[in-house]
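I am opening a notebook on a structure that is new to me, and I will write down what I looked up, entry by entry.

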Amino acid sequence: SRKIDTSLPEYYRWTQWIFLRLYEKDLAYLANVPVNWCPALGTVLSNEEVKDGKYVETEDPVERRLMHQWMLKITVYAERLLEDLDLLDWPDGLKEMQRHWIGKSEGADIIFDIKDSDNTFTVFTTRPDTLFGATYCVLAPEHPLVSEITHPDAASAVNAYVTEAVNKSDLQRTDLATEKTGVFTGAYAINPCNNAPIPIWVADYVLMTYGTGAIMAVPGHDERDHEFASAFGISIVEVIKGGEKPIEEVPFVGDGVCVNSDFLNGLRVAEAKEKMIAWLECEGRGTRQVQYRLRDWLFSRQRYWGEPFPLAHLEDGTIVQLPDEELPVELPPIDAYKPTEDGKPPLARADEEWLKVRLPDGRIATRETNIMPQWAGSCWYYLRFLDAHNTEAPFDTALEQYWMPVDLYMGGAEHAVLHLLYARFWHKVLYDSGLVSTQEPFQGLVNQGTILAESYQKMSKSRFNVINPDDVIDRYGADAIRLYLLFIGPVTASTPWQDAGVEGVYRFLQRVWRLVIDEDSGELSEKLTDAAGTTESELWRELHKTIKQVTEDTESIDKMNTAISQMMIFVNTATQTKTLPKETLKIFLHLLAPYAPHIAQELWHRLSEAGFIAHEQWPTHDEAVLTSATVTIIAQVNGKLRNRLQLPADATNKEIEEAALADERVQRFIEGKPIRKVIVVPNRNLINIVV
């Protein structure tokens, strides 16, 4: 009844509707940006979808191009996305991944004049205290000033370098292990604090998409700058004292005292930062600034399968949004699922009847032919799940207020800077629009572990070590594989698959079956009685202990394996009793049902109960039963069970030992033998006599 499909028009109608709310809030815009273009797929990919110059899904090569693309202003929400991580019950590691991706940096924007020119450029730095140590500047290859300031003698080398650099991915360009490359433009900047001319270089380790696309380089106190300066013979100046080795050999990046820095001399780093920012603002040469590594979200793709944008273009370049009542804009039939010969997206192959749209005022516009990325539909699916068949709205407000936020999201860490970040962004926009009642979509989150092959390798078709669940189900049943996956360890742990483990769980389910059904006759077991559960006091106490532990362990998510262990203990106890009250077994089946639903439901019916056991009230334990006056103590001799003793619950170790040694059945096995050791384990209600 809650089934949703993000690819159906009745779903993506509301994805388009939500996009229009973003567009109305000026959070969507067109820009000419460098993008990751995949020639094999004929489409643009986001930075998160590219690794080592390849598309992560298909490993097709990816190159950099300038293209007109739709962008979403996720950067507007950068600070809130960062701060609100503290509100979430997520693993610390995953939170840190998002913090790193958002990448908040506090520092200053500093204006540099260019020698013999009216041009200036701005750099962002987190270390304004080191400005006196800036001995060169670097512009990104895409920086608009590169072609304008380059000296004619350097133009050929600069142009060749820029052409090569723009085809590299951001990851390739910023990889710390990559040898630094660059070329001198022939131009000089003026250091604003001492008026010294310093050379301007072009280097691909500076990105146009981060900060301002320009940096001041302080090789004495930055490892990357030091490596570059050493490679190209650029001067290195010490402005922070505190390193153990000469600054020409190793940069000093720690805290220390300013030197060679005029009015900053003698100050430590933190104080020097504040004083330099104040000086820059006073002199009109810079301002305090906060920057983020996070970039606006590239939100368009050049393929067929995806949500069409509910937008159209007029001949004069004006963009118009389509009315809500015309949604959904459905995908049109086309002759081929590939770009046109002149490189336009596949939707440009549609006929004029789809491409051209008449606006209410009579003007004719052309539909947007890019489509949204696969992330669009998944940004809000959890909200549609609350109200899957609503035709008047994406979801009912009352249902959203009742259910949200999501209590537990279970997924892999690979979603940290993709789906999870995108969904948080959309949710905050919806919150600001008054459409949802919570600031965050997913309150709790667990990263599940991986089931490994028996060799502890990751399962892979290429290694021929994949376990086919259908084969396991055919042999042991669905309940057995379900129970085994929960039993082999905490949900968050990565654990190797073991066939013997499935066999063990299968035998446990067989023992459960035999509690109710006689193995020979197939009828109800003769041990079953209609007597009250309390008639088997030891079993009744074990049941309430099981209710308590299964309830607590199930709710804690990461202890389901110990919940199953306790159910196994209960079944062992039940197997050894003389009678089995039906009342006790029915309550136990409630506990088993979420873990092994099919066998629990079948036995529920065999015990003459109607309806679904899943719809019954969950049992609660009675603390008074757990703290009863007596407990059963297992008495062992050399590790073998010899009797069960009923003793006061508050019996001391000495009293337990005295009772066991005096017990008639125990005495048969120790008579005439020296006692070497007596081990009392109170929390397991066990005593072992070693002779």
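This is a predicted model: local features need pLDDT of at least 70, side-chain atom pairs count only at pLDDT 80 or more; totals for chains, interfaces and linings use all residues.

**Entry: the annotated stretch**

I looked up the UniProt record, an unreviewed entry, and found that it places the feature "domain: Aminoacyl-tRNA synthetase class Ia" at residues 294-489.

Just after H14 I noted glycine 477, which has a positive phi of about 100°.

**Entry: a four-stranded sheet**

In what order do the strands of the open sheet lie? I found four strands in the order S2-S1-S5-S15, with antiparallel pairing. Strand S2 (43-45) and strand S15 (297-298) are the edge strands, since each of them pairs on one side only. I followed strand S5, residues 63-72, to S15 and found the antiparallel pair joined by two bridges; methionine 71 stands opposite leucine 298 of S15.

Is strand S10 largely enclosed or open? I noted that five of the six residues of S10 (residues 197-202) are buried, so the strand is largely enclosed by the rest of the structure.

I then looked for the strands that pair with S10. Strand S8, residues 136-139, pairs with S10 in the parallel sense over three bridges, and cysteine 137 stands opposite isoleucine 200 in S10. Strand S9, residues 183-190, pairs with S10 in the antiparallel sense over five bridges, and here alanine 189 has isoleucine 198 of S10 as its bridge partner. Six residues lie between the strands in the hairpin of S9 and S10, where asparagine 195 takes a positive phi near 60°.

From glycine 213 to aspartate 470 I noted 54 Å, C-alpha to C-alpha, for two residues that are 257 apart in sequence.

**Entry: glutamate 274**

I found glutamate 274 in helix H8, residues 269-283. Glutamate 274 counts as partly exposed because its relative accessibility is 42%, a value to be set between the limits of 20% and 50%. The C-alpha atom of glutamate 274 is 8.5 Å from that of proline 128, although the two residues are 146 apart along the chain.

**Entry: the second largest pocket**

How much space lies in the second largest pocket? I wrote down about 700 Å³. The pocket is lined by 25 residues, of which Glu538, Glu542, Thr573, Ile634 and Arg684 are the closest to its centre. The elements that give two or more residues to this lining are helix H17 (537-555), helix H18 (560-576), strand S26 (630-637) and strand S27 (640-648). The largest share comes from H17, with six residues. Sorted by class, the lining of this pocket has 12 polar, seven nonpolar and six charged residues.

Methods. Residues are numbered from 1 along each chain as its sequence is written. Side-chain values use heavy atoms; hydrogens and water are left out. Buried means under 20% relative accessible area, exposed over 50%, partly exposed in between (1.4 Å probe, protein chains only). UniProt positions are given in the numbering used here, feature names are shortened, and annotations may be inferred rather than shown by experiment. On a 1 Å grid over the protein atoms alone, a cavity is a set of points where a 1.4 Å probe fits but cannot get out, and a pocket is an open set with protein on both sides within 12 Å along at least five of seven lines; lining residues have an atom within 4 Å of a point. Grid points are joined across faces, edges and corners, and a volume is the space filled by probe spheres set on the points. Ala, Val, Leu, Ile, Met, Phe, Trp, Tyr, Cys and Pro count as nonpolar, Asp, Glu, Lys and Arg as charged, and the others, Gly among them, as polar. Two strands pair if DSSP finds at least two bridges between them.
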